[in-house]
Structures are given as C-alpha cells and as structure tokens.
Amino acid sequence: MYGGGYIYDPESKNQATIVEDPEMLAAFEAKIDRGEKIEPTDWMPYEYRRQLIRMIEQHAHSEIIGALPEGTWITRAPGFKRKMALIAKVQDEIGHGQLLYAAAETLGKSREQMLNDLMSGKSKYSNVFNYPAKTWADVTVIGFLIDAGAIINQLANSKGSYAPYCRALKRICAEESFHLKQGYEGFVYLATGTPTQRTMLQDAVNRWWPPIMHFFGPADKVSVHTEKLMRWQVKMDTNDNMRNEFLEQYVPKIWELGITIPDPKLRKNLETGRWEYTEPDWDEFFRVINGNGPCNKERLDVRRWVEESGRWVRQALYKPNEMYKMPLA
Amino acid sequence: MSSLDPRINRLDLVKTLEAEDIAQHQHWETYEVFVQAKRGGHHTHVGSLHAADHDMALIFAKEQFARRGQCHNLWVVKTSDVYALDTEDADMFADNNEKKYRNPGGFKVSDKITAYKKAQKQDKTETDD
Ligand SMILES: [Fe+2]
Ligand SMILES: [Fe+2]
C-alpha cells in the first residue's frame, strides 16, 4: 500500500550539518544527474543514507501495520471469494513490508533495530492506519482509495535514485494494481447495490475522507533540505502535487457513482487545472501521528504481542555462531 | 481494551511490556533468493529474506517470491556465502569496449569483398575485349 508523502523526521532540526568530501559529493551528484542508480556499496552522503533509511523503514512499517485493519475483516468478509481475495491482499502487504525492510537493511540499519523503533514509537507509519475499519465498506474504501494513494506515491518513488528501493517498488506496484482493482470492485458493488449498502458506503467515505486528505502529508516547506532531497531523487514529487494527482484520478470515479465527498469546497479549477479543497486539519494529523489517534495503541499492542509470542520460536532456532550479513541488493 | 476485532479482544495484550528489545540477529541470517521463471531459463536474483536455515529459507522464498505462479525453480544462498565485487570498482570493466577483437564488429570483411568483386569484373571485361 502505503507510503504516503509524509516522512516523520524529528532529528532534522537539531542536527549539526555533516560536511561531506566535496569531490565525492560532486561525483555522487553527477551519477544521479546521468540517471544512474545508487547501489548499496556505492559512496553516498550521510544525509542521503539517513533520509532513505527513514523513508523506506516508515514505508515498511506502514505495510505491516496497514495489514491490521484489513486483516481484522478476513473472518467477516462477505462470501468465499472476497475472503480469499482479502487473505491474498493482506499477505501481499506483509510481503511488501518484508521487501522494504530488506531494502532498508542494505543501508545498514538492522531489521531488529527497525522493529524496536516501531514498537517504542520512535519511528512512525502512515497515519491512516490509526483509524478503525468499522464496517465492510471501510475495507472497500481502504482497498480502493488508500491503495490508490499509495500507488501514486510508490510509482513516483520507484523512479528515485536508490536501486534496492526501486527494485522493491517495481514488484510492489505490480501487486498494488490487483489491490486497487479488488478494492474498486468492492466499492462499486456497494455503490450500485441496495439503499442500505449505499448508505454504508457513503458513511465509510465520509469517515475516511479526512485521513485520505492527510495521506500525502502537509505542503512541503520550501527549504534547502527539501530541494536537496529532490536533487538527490529521494523525494520525487511534492506532497501537494501527489494529492492533486490523486484527486484528479479518483474524485470523478467516486462522483460518477453518486457518492458524495464531505468537502463543499472540493472542485477542479478549470483555469489552473488544479483541484481546490478545504485545507485538511493538520492539528488533528499531528495529534494522531504523535500517538493520540483512535487506534494507535491497539496497532502497536498487537504488533508487540506478535513479537513477544513468536520470540521463543526465534530463540529456539537461533544459532549464535552464524554470521549475519546485510542483504546484498 | 476494546477492539472492533473479537480476536484481538481475546488476546492477552497485557504481557507485552518488553517487546521492543529484540537483540541483534534474533531475526536470524539473510539469504539471497534466485528464481527460475520458466524451465530452460536462467535463475535470476530477486531479493533477500531472513531465515533460520536453508529449508526455512526455501519455504519463505516460495511464499515471498512465487505467489503468482511465475516460478519453476528456486535457489537460496546465504548472503554471507556470496562473494561480490565492490560496485565502486566498476571502472575495471570500462575499457572492455576498446577490445574490438572480442566482438563481431571488430572484424571487417565487406570492403575487401567489394574490392575483390570489382577487380574480378574488371578482369573479365578486359579478357572479353
Ligand atoms: Fe502494499
Ligand atoms: Fe496494497
């Protein structure tokens, strides 16, 4: 699923700038300008590595945690085919998490450390998963619209400069197209169904719209930092551009089904070609990301329970003399 | 805690106090995975995974890289058993293109054939006269 443009980064403010070797830096930037990808054993600036670890790690956590609200519905999915498809989708998302953890590991942060940081709250995951999936309609909204947002973000990132991340994203994007179609089918089924089904879907869209608008994060600050990340092809597009792209592609698909969106200002400005909307409530966004959303505690509690419950198995199979090595690519 | 998921409500979540101190390498070693998509093709590197031994690595590789049928065979190799060049040393391959004699393009014949045919034709016209 589930990148989202917003990368939680509390360290960037109070950190001394690291002075890089100017020759190495120039060679590195020339490589990126030539469109060459960066491989794990290449020289790279400290800030490039740090930012990529943060970004890929948070992406990985989002896949793993994002599977929880949907996984909850496997036992209650209406009908055998939907149940099987949802199991397949949830397994894909966990697989995405695995691919992304491996990509982040090539940058030197161990999987154990990433999981520790997830559970202690030091590193974050996409904010949308701190909201509950109350009905089956929520599952179709997540599958259709959250995965759609993720595809826009992931397609942009798959053209970035760090090779292992691009390779993982290429595979992930292929699987996302199945998620999108699966979610869309469920969404259309309810939208074209009985009045009760339509009401249930409309209710879910109403509840999910604010988190969906939060998904790409607040407008990027115009800063040297943002500029550098774009120059290094770590950040591939602005949060506002990605949000606009999302609205452009998906709002018409919602409206044509007679489903409304709870934002009276939402419309496409035909002169600028851009979408206008009520500015999302960013105070709410930061309140939730800092731990005070409806499901933050449950998500982390479940993840911690899994880690602890599986620990005896991992310990029984643990071989202290084996040599750990970072994955190659 | 009251979750919307009855299964979660049945869990004993209270004991999860020390989850976040996973010691280094508790999640085992890494393996590199190679997929042969079709019989007759090459095995191609597709990614890596964590496992406790080769058998487990093969099971995980099947789950992770062969869920949608595009696989005929799998290899798993411990990452620590792979010897690799440093990507920064790629310049050692740079002059390979100068070794023209290794490529078909390094051998020219058509000029000689054209010249030969031309000479033959001239000879013929001379004797005919
Ligand atoms: Fe995903
Ligand atoms: Fe997905």
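Reader: Which residues of α2(A) and α11(A) meet?
Author: In this predicted model, I64(A), I65(A), L68(A) and P69(A) of α2(A) meet R299(A), V302(A) and R303(A) of α11(A). By class, the residues of this contact divide into five nonpolar, no polar and two charged.

Reader: At roughly what angle do the axes of α2(A) and α11(A) cross?
Author: They cross at roughly 110° and come within 10 Å. Helix α11 of chain A covers residues 296-316. Angles of 65 to 115 degrees count as roughly perpendicular, and α2(A) and α11(A) are therefore roughly perpendicular to each other.

Reader: And how do α2(A) and α4(A) cross?
Author: Helix α2 (residues 46-71) of chain A and helix α4 (residues 111-120) of chain A have axes that come within 11 Å and cross at roughly 65°. The two helices, α2(A) and α4(A), are therefore roughly perpendicular to each other. The crossing in which α2(A) passes α4(A) is right-handed.

Reader: Which residues make the contact there?
Author: On α2(A) they are E57(A), H61(A) and I65(A), and on α4(A) they are M114(A), D117(A) and L118(A). This contact of α2(A) with α4(A) consists of three nonpolar, one polar and two charged residues.

Reader: Let us turn to α5(A) and α7(A). At what angle do they pack?
Author: Helix α5 (residues 136-157) of chain A packs against helix α7 (residues 195-214) of chain A at an angle of about 45°, and their axes are 9 Å apart. That angle makes α5(A) oblique to α7(A).

Reader: Is the crossing of α5(A) and α7(A) left-handed or right-handed?
Author: The crossing of α5(A) and α7(A) is right-handed.

Reader: What residues are involved?
Author: From α5(A) there are W136(A), A137(A), D138(A), T140(A), V141(A), I142(A), L145(A) and I146(A). Their partners in α7(A) are M200(A), L201(A), A204(A), V205(A), R207(A), W208(A) and I212(A). By class, the contact of α5(A) with α7(A) has 12 nonpolar, one polar and two charged residues.

Reader: Which residues touch the most other members of the largest nonpolar core?
Author: They are W209(A) and F246(A), in a core of 96 residues. The element that gives the most to this core is α5(A), with 13 residues. As a general point, nonpolar side chains tend to be buried together in soluble globular proteins.

Reader: What does F246(A) touch?
Author: Not counting residues up to four places away in sequence, F246(A) touches L145(A), A148(A), G149(A), I152(A), W209(A), I212(A), F216(A) and V251(A). Among them, L145(A) and I212(A) also take part in the contact of α5(A) with α7(A).

Reader: Where is Y277(A)?
Author: Y277(A) lies in the loop between β2 (274-276) and α10 (282-292) of chain A. The C-alpha atoms of Y277(A) and L247(A) are separated by 9.8 Å, and the two residues are 30 residues apart along the chain. Leaving out residues up to four places away in sequence, Y277(A) touches M213(A), D240(A), R243(A), L247(A), D263(A), K265(A) and L266(A).

Reader: What about W43(A), and which residues is it in contact with?
Author: W43(A) is placed in the loop between α1 (22-33) and α2 of chain A. Leaving aside its neighbours within four places in sequence, W43(A) is in contact with E20(A), M24(A), L25(A), F28(A) and, from chain B, E88(B). At 22% relative accessibility, W43(A) counts as partly exposed.

Reader: How far apart are the C-alpha atoms of W43(A) and G79(A)?
Author: They are separated by 52 Å, with the residues 36 residues apart along the chain.

Reader: Now chain B. Where is T44(B) found?
Author: T44(B) is in strand β2 (residues 43-51) of chain B. With a relative accessible area of 45%, T44(B) is partly exposed. T44(B) touches V33(B), F34(B) and V35(B), residues up to four places away in sequence not being counted. The C-alpha atoms of T44(B) and W75(B) are separated by 9.2 Å.

Reader: What is the phi of H25(B)?
Author: Phi of H25(B) is near 75°, a positive value in a residue other than glycine. H25(B) is in the loop between α1 (6-10) and β1 (29-36) of chain B.

Reader: And the phi of Q233(A), what is that near?
Author: For Q233(A), phi is near 55°, which is also positive in a residue other than glycine. Q233(A) sits in the loop between α8 (224-231) and α9 (239-255) of chain A.

Methods:
Residues numbered from 1 in each chain as written. Chains lettered and ligands numbered in written order. Predicted model: local features only at pLDDT ≥ 70, side-chain atom pairs only at ≥ 80, totals over all residues. Heavy atoms only, no water. Axes fitted to C-alpha atoms, helices over the stretch in contact; angles between N-to-C directions. Helix = DSSP H or I, 4+ residues; strand = E, 2+ residues; numbered from the N terminus. Parallel < 35°, antiparallel > 145°, perpendicular 65-115°, else oblique. Left-handed = near helix turned anticlockwise from the far one by under 90°. Contact = heavy atoms within 4.5 Å. Nonpolar A, V, L, I, M, F, W, Y, C, P; charged D, E, K, R; others polar. Core = buried A, V, L, I, M, F, W, Y, C linked by side-chain atoms within 4.5 Å. Buried < 20%, exposed > 50% of the residue type's maximum accessible area, 1.4 Å probe, protein only.
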